[in-house]
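Please keep the sequence and the structure in view while reading.

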Protein chains: 2
Amino acid sequence: MVDAGPAFHPSPTALSGRDALATAFRPRSVAVAGVSVRPKSSFNGMRWFKLVRGYGIVERFYALNPRGGALRSGTPLYPSLRDVPDDQIDLVISVIPAHAVLDLLDQAAEKGVKVFHLVTAGFGETGLTERADLEAELQRRARAYGIRLLGPNCMGIHSPIGGVSWLEDADRTPGRIAMLSQSGANASEVVMRAESRGLRFSHVASYGNALDLNEADLIDYFADDPGTDIVLAYLEGIKEGRRFAPLARRLAARKPFAVLKGGGTEPGTRAVMGHTGSLAGAADVWAGVVRQTRLIDVATPDALLDLAVTAQRLAGVRGPRVALVGRGGGNAVLAADAVARAGLELPPLSDATRARLAEYLPPAGNSLRNPVDSDIAWDADGFLPALGIVGRDPGVDVVVLQANVDNLPTGGVATDAGFAEGLRDRLLEARDALSAPLAVVVRAPRTPGGVDLARRIHADMGRAGVATYDSVSAAAVALRGYLDWRAATGRSPAAR
Amino acid sequence: MVDAGPAFHPSPTALSGRDALATAFRPRSVAVAGVSVRPKSSFNGMRWFKLVRGYGIVERFYALNPRGGALRSGTPLYPSLRDVPDDQIDLVISVIPAHAVLDLLDQAAEKGVKVFHLVTAGFGETGLTERADLEAELQRRARAYGIRLLGPNCMGIHSPIGGVSWLEDADRTPGRIAMLSQSGANASEVVMRAESRGLRFSHVASYGNALDLNEADLIDYFADDPGTDIVLAYLEGIKEGRRFAPLARRLAARKPFAVLKGGGTEPGTRAVMGHTGSLAGAADVWAGVVRQTRLIDVATPDALLDLAVTAQRLAGVRGPRVALVGRGGGNAVLAADAVARAGLELPPLSDATRARLAEYLPPAGNSLRNPVDSDIAWDADGFLPALGIVGRDPGVDVVVLQANVDNLPTGGVATDAGFAEGLRDRLLEARDALSAPLAVVVRAPRTPGGVDLARRIHADMGRAGVATYDSVSAAAVALRGYLDWRAATGRSPAAR
């Protein structure tokens with residue numbers, strides 16, 4: 001699991017990993033190298049510079065371009081860090097070609113820069129000898145200078161709290177979820193998809209080749225970060241196996257720590273080599289790490305979000321006994337299979353519950369067992385009472401309601417004016433009326449109206465703190481993972 | 001696997017299952033019972049009547065309502081079948097309460113009706129003794145009358161060819177895919193989601209409690225139907241195990257036959273009882289049926305569509321050797337894992353291929369292995385040449401291109417005017433330029449612009465006969481299932 005290359009040992013004058021990350025997440029001064037006025041490119045320093053300026057949290061920020069000049073706004077473009085009239089630069093963001101990086105690092109040393117983040121790619125991950133040598137020299141000099149490195153080959157920091165980001169379209173509201181990711185693109189995807197489910201982040205870090213600061217440093221930092229309640233991760237290789245395991249265990253003992261591990265297959269491992277030059281390690285080794293650390297192992301990027309939704313909004317759930325309520329008998333059958341395959345329970349409802357339900361749901365076209373297959377409409381008088389009866393069954397820990405917009409008898413309904421608002425209000429009433437926690441499953445259909453409806457339900461419910469998922473399977477797998485973590489760490493349900 | 005109740009033995013005067021289904025799929029005359037002018041309900045005969053009239057294929061159609069009168073259009077509402085001035089009624093569609101069904105059946109007998117379809121629910125599936133007795137009496141009389149039954153408790157027939165449907169929003173263009181489903185809601189979902197991927201149907205049948213006509217009859221019919229190339233199924237119980245297995249094997253030997261089996265778990269089996277009153281049977285029994293019949297066992301409704309897309313558009317694929325091309329290193333790693341986990345191969349590209357690729361893709365930010373992690377944009381000059389080089393690698397059977405709209409550096413791009421058209425045209429050029437078949441994976445994002453783009457790619461590519469999927473995993477699982485079926489039935493790749 002440990003990489004072939006020697007681990008990086010920063011000089012005594014360098015910041016500790018924790019202090020370096022605290023600086024990178026909340027720098028007072030930032031210099032971005034490679035700010036170009038040329039046509040937009042995703043790897044133009046302009047992107048990082050505009051974001052630092054746009055957030056307006058970082059006190060002092062500077063733009064570098066070897067040709068000098070100035071931006072239309074009048075902001076000067078400094079040819080070199082040496083020209084920047086500031087001798088306390090916390091963070092340098094390098095968005096210049098690899099061949100020019102060593103010179104920039106030399107300049108950074110003269111300025112006493114603390115953290116040097118390389119968006120710049122084209123090092124060890126290329127598999128080319130001369131690029132590997134360049135990476136080794138970068139590491140050697142940074143160590144000699146006492147500068148901590150983030151990257152190379154990474155998007156770096158998205159910190160709504162600190163005002164540093166690579167995500168131009170991200171919501172700027174800070175949240176209490178942190179993420180570390182060896183892949184910037186995967187982190188971007190998770191953050192953007194998280195927003196549509198009402199999730200917000202404290203700090204997100206992509207660390208690419210992990211030449212210096214790596215997953216272990218981030219895990220160590222997030223374990224103690226008072227602004228972070230839940231930690232998500234996308235990992236490929238693990239740089240320092242001996243450091244990682246105990247730190248991951250310490251984090252998982254304090255906060256839900258969900259990890260998506262890439263490279264669990266032979267072709268995946270080859271792909272990891274081509275991506276960040278890491279060693280992904282064998283699947284069985286990873287399984288051992290999971291057992292040892294109690295981290296929550298997930299299978300897809302969306303499963304990271306499902307776990308965060310569950311830990312944030314279903315922390316009060318007592319146990320694994322699910323009551324399913326939805327429309328469509330076949331759909332109910334598949335939902336029941338999904339709950340059972342995830343390792344949750346689907347207890348039959350009590351006779352008393354079924355007798356009470358019968359007042360609202362006629363036997364024809366409905367099943368009063370669990371799953372409750374109900375043709376009753378959202379806006380029917382019986383909807384809330386029926387849901388309340390199910391939620392009050394003593395054998396039920398959580399009510400999973402399928403808002404199956406795929407299954408509306410006619411797709412048109414989803415687009416009717418007021419439908420989305422009515423449905424939202426009805427679901428919120430239901431949440432407040434139930435004694436057991438409510439989870440809402442919204443399968444996204446493909447009709448424009450249905451897609452819009454599904455998006456609005458996710459966003460509105462998210463804002464209201466209701467757990468929503470794309471499928472019963474996703475909800476069940478996330479709840480099982482969360483309950484297992486709670487049991488492994490001896491936690492009780494949170495008070496509601 | 002066989003239900004407790006005795007199998008139905010139609011009287012000698014009744015049509016054979018094949019003739020009954022031929023009649024139900026293409027009736028010349030239809031009477032709908034339970035056509036009401038009351039406010040819209042999903043179980044109002046008006047829905048079926050309007051559709052028969054709207055398709056305009058059925059020659060003669062009649063509406064029944066016990067109170068008589070007429071529709072605004074002037075169409076008479078006959079109080080009884082006896083009042084209908086037509087003595088050759090092929091199909092009766094019953095959308096009336098269960099208690100009134102026996103009388104309607106008696107009327108149908110007098111009119112020499114061939115097939116009696118009961119949308120009407122409230123029989124054995126309720127678990128109530130008196131309802132089970134009613135179902136038994138319905139079965140007894142239908143047999144005595146020589147009338148074949150479809151249902152009860154089912155949406156019935158969607159046949160764009162025959163002009164009978166329950167799907168108000170379905171496209172009316174016939175296709176060459178058939179579906180049988182014990183659940184009308186699951187069938188509705190599959191048909192509507194299929195449309196957005198460019199798939200169209202010959203005949204779809206939902207058969208509910210399968211009191212008479214059941215999955216075996218439909219499988220037998222579709223095996224010989226010249227208008228059907230691919231058969232999809234959602235099954236819960238299997239009514240006649242002894243008939244089913246050989247007929248399923250015969251169908252699978254002729255056409256790809258993909259089945260989603262509900263009730264594979266204990267809670268799922270209970271849900272099946274509540275839905276259609278069938279016995280779902282144990283998972284190991286089903287596994288035996290799959291091995292024995294060579295049907296393609298799938299796990300989700302969308303997997304049925306993925307299989308249809310694969311069988312229809314990738315029939316020329318030579319084998320399991322996949323080349324992955326996409327953007328984002330982490331994404332490439334997860335895609336490689338997904339391909340390997342599905343049991344496909346991801347061969348390293350030849351040195352010659354990688355040397356040619358290097359002309360278009362600089363090493364920084366790209367991996368020239370397989371997966372090819374390319375930062376090259378759709379509209380860049382190098383895009384098509386690079387894709388062509390990968391597609392010409394002798395070790396590659398299929399090129400899977402990830403149009404990862406989640407991963408666009410800025411979400412805004414997806415909404416730029418002309419972007420979708422440009423992307424579509426570029427993908428079609430790529431398809432035509434490649435020697436290996438092309439599959440396009442479009443992960444649907446949640447931003448409105450991205451969702452719209454994803455939908456347009458699926459629809460446009462579908463119309464052009466290009467295979468599209470929602471994820472690399474979905475594509476890989478479907479291709480593996482299709483290749484296994486082809487091998488088991490001794491088929492070669494179709495000529496391209």
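This is a predicted model: local features need pLDDT of at least 70, side-chain atom pairs count only at pLDDT 80 or more; totals for chains, interfaces and linings use all residues.

## Other salt bridges

Over all chains, the structure holds 58 salt bridges. One of them joins the side chains of A:R480 and A:D484 at 2.9 Å, N to O, and here both residues lie in helix α16 (residues 472–488) of chain A, four residues apart, which is about one turn of the helix. A:R480 has a relative accessibility of 22% and therefore counts as partly exposed, while A:D484, with a relative accessible area of 40%, is partly exposed as well.

In chain B, the side chains of B:D90 and B:R28 form a salt bridge of 3.1 Å, N to O. This pair links distant parts of the chain, 62 residues apart: B:D90 sits in the loop between β3 (77–78) and β4 (91–94) of chain B, and B:R28 in the loop between α1 and β1 (29–33) of chain B. B:D90 counts as buried because its relative accessibility is 2%, whereas B:R28, at 41% relative accessibility, counts as partly exposed. Salt bridges can also be linked to one another, as in the network that connects A:R18, A:D220, A:D224, A:R250 and A:R254.

## A parallel sheet in chain A

Strands of a sheet pair through backbone hydrogen bonds, either parallel or antiparallel. In chain A, five strands form an open sheet with parallel pairing, and their order is β14-β13-β15-β16-β17. The edges are taken by β14 (372–373) and β17 (467–469) of chain A, each of which has a single partner strand, so one side of each is left without a neighbour in the sheet.

The bridge partner of A:G326 in β14(A) is A:D373. Helix α13 (residues 383–391) of chain A lies across β13, β14 and β15 (398–402) of chain A, and it runs at about 145 degrees to β15(A).

## Two helix pairs in chain B

Two packed helices are described by the angle between their axes and the distance between the axes. For helix α12 (residues 351–358) and helix α13 (residues 383–391) of chain B, the axes come within 9 Å and cross at roughly 180 degrees, and α12(B) and α13(B) are therefore roughly antiparallel to each other. Their contact brings B:T353, B:R356 and B:L357 in α12(B) to B:A386, B:I389 and B:V390 in α13(B); the residues of this contact divide into four nonpolar, one polar and one charged.

How do helix α1 (residues 17–25) and helix α6 (residues 215–224) of chain B pack, and at what angle? Their axes are 9 Å apart and the angle is about 75 degrees, so α1(B) and α6(B) are roughly perpendicular to each other. In this contact, B:G17, B:R18, B:L21, B:A22 and B:F25 in α1(B) meet B:D217, B:L218, B:D220, B:Y221, B:F222 and B:D224 in α6(B). By class, the contact of α1(B) with α6(B) has six nonpolar, one polar and four charged residues.

How values were computed
Residues are numbered from 1 along each chain as its sequence is written. Chains are lettered from A and ligands numbered from 1 in the order in which they are written. Side-chain values use heavy atoms; hydrogens and water are left out. Axes are lines fitted to C-alpha atoms, for helices over the stretch in contact, and angles run from 0 to 180 degrees between N-to-C directions. Angles under 35 degrees count as roughly parallel, over 145 as roughly antiparallel, 65 to 115 as roughly perpendicular and the rest as oblique. Contact means heavy atoms within 4.5 Å. Ala, Val, Leu, Ile, Met, Phe, Trp, Tyr, Cys and Pro count as nonpolar, Asp, Glu, Lys and Arg as charged, and the others, Gly among them, as polar. Two strands pair if DSSP finds at least two bridges between them. A salt bridge is a side-chain nitrogen of Lys or Arg within 4 Å of a carboxyl oxygen of Asp or Glu. Buried means under 20% relative accessible area, exposed over 50%, partly exposed in between (1.4 Å probe, protein chains only).
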